[in-house]
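Reader: Hey, I've just opened this one and could use a quick tour. Can you walk me through it?

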Amino acid sequence: MSKGYYVRDFMSSPAVTIPVTARLLDAAMALRSSAIRHLLIVDANRVVGIISDRDIQRCAPSRLVPITEAKYNAIFENTPLASVMTREPTSISPGALLADAAAIFQEGKLGCLPVVENETLLGIITRYDLMAALLQVLNGKTTPADSEAGS
C-alpha cells in the first residue's frame, strides 16, 4: 500500500452546522432532520463548538420527575446552545493521515472531528467514516477511488 489514507478521502462535506446563536431546540431538530449524531456549531464558518445527540439527551429533564410538557419544551426553547455546547472542539486538517485521526479519536474518546483548514470548516469525519475506511482496507481496496471503480 504505497498511498496513505487521508482524512480528506473519508470526511463528509459539507458538514451540517448550526449558528452559535441557536437554541437547544434548534439543535435537536437539526440532528433529527439530518439523521446525524454530531452537530457543528459555527460563527462565520469558524467552528466554535459541537453538540451531540447524547449531549442533548443529558440536557433534557428526566421524565421520571413530574414536569408538564410545556415546561419540558420550554427548556429546549429557552436554552442557548452556547451554554451547553462543547467549546473549541479538537479538529483535524484534511491532509492529515487517517491513522492520526484514529489515534485522536481513541485518545480523546471522541465521536467526530471537524475538518478544518486555515480556520475554515471543510467537513467532518466520524467514527462511522473510520469504519468505512477500515472496511476498505480489509477488503483489499488501496485507495478510496478503488471502491468506486468496483461499484
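Reader: Which residue stands opposite Thr 126 in β6?

Author: That's Cys 112. Before we go on, this is a predicted model: local features need pLDDT of at least 70, side-chain atom pairs count only at pLDDT 80 or more, and totals for chains, interfaces and linings use all residues. Residues are numbered from 1 along each chain as its sequence is written, and side-chain values use heavy atoms, with hydrogens and water left out.

Reader: Okay, and how many bridges join β5 to β6?

Author: There are 6, and the two strands, β5 (residues 112-117) and β6 (residues 120-126), run antiparallel. Strands here are DSSP runs of E with at least two residues, helices are runs of H or I with at least four, and both are numbered from the N terminus. Two strands pair if DSSP finds at least two bridges between them.

Reader: What sits between them?

Author: A turn: β5 and β6 form a hairpin with 2 residues between them, and Asn 118 in the turn has a positive phi of about 50°.

Reader: Is β5 enclosed or open?

Author: Largely enclosed by the rest of the structure, because 5 of its 6 residues are buried. Buried means under 20% relative accessible area, exposed over 50%, and partly exposed in between, using a 1.4 Å probe and protein chains only.

Reader: Switching topic: what's the strand order in the open sheet?

Author: The order is β1-β2-β3-β4, with mixed pairing. β1 (17-19) and β4 (86-87) are the edge strands, each pairing on one side only.

Reader: How do β1 and β2 pair?

Author: In the parallel sense, over 3 bridges. Ile 18 stands opposite Ile 41 in β2.

Reader: Which residues does His 38 touch?

Author: His 38 lies in strand β2. Not counting residues up to four places away in sequence, the residues touched by His 38 are Leu 31, Ile 50, Ile 51, Ser 52, Gly 111, Cys 112, Ile 124 and Thr 126. Contact means heavy atoms within 4.5 Å.

Reader: Buried or exposed, that His 38?

Author: Buried, with a relative accessible area of 16%.

Reader: What about Ser 34, where is that?

Author: Ser 34 is in helix α1 (residues 24-34). With 32% relative accessibility, Ser 34 counts as partly exposed. The C-alpha atoms of Ser 34 and Val 16 are separated by 7.9 Å, though the two are 18 residues apart along the chain.

Reader: Last one: is Leu 138 buried or exposed?

Author: Exposed, at 61% relative accessibility. Leu 138 belongs to helix α5 (residues 127-138).
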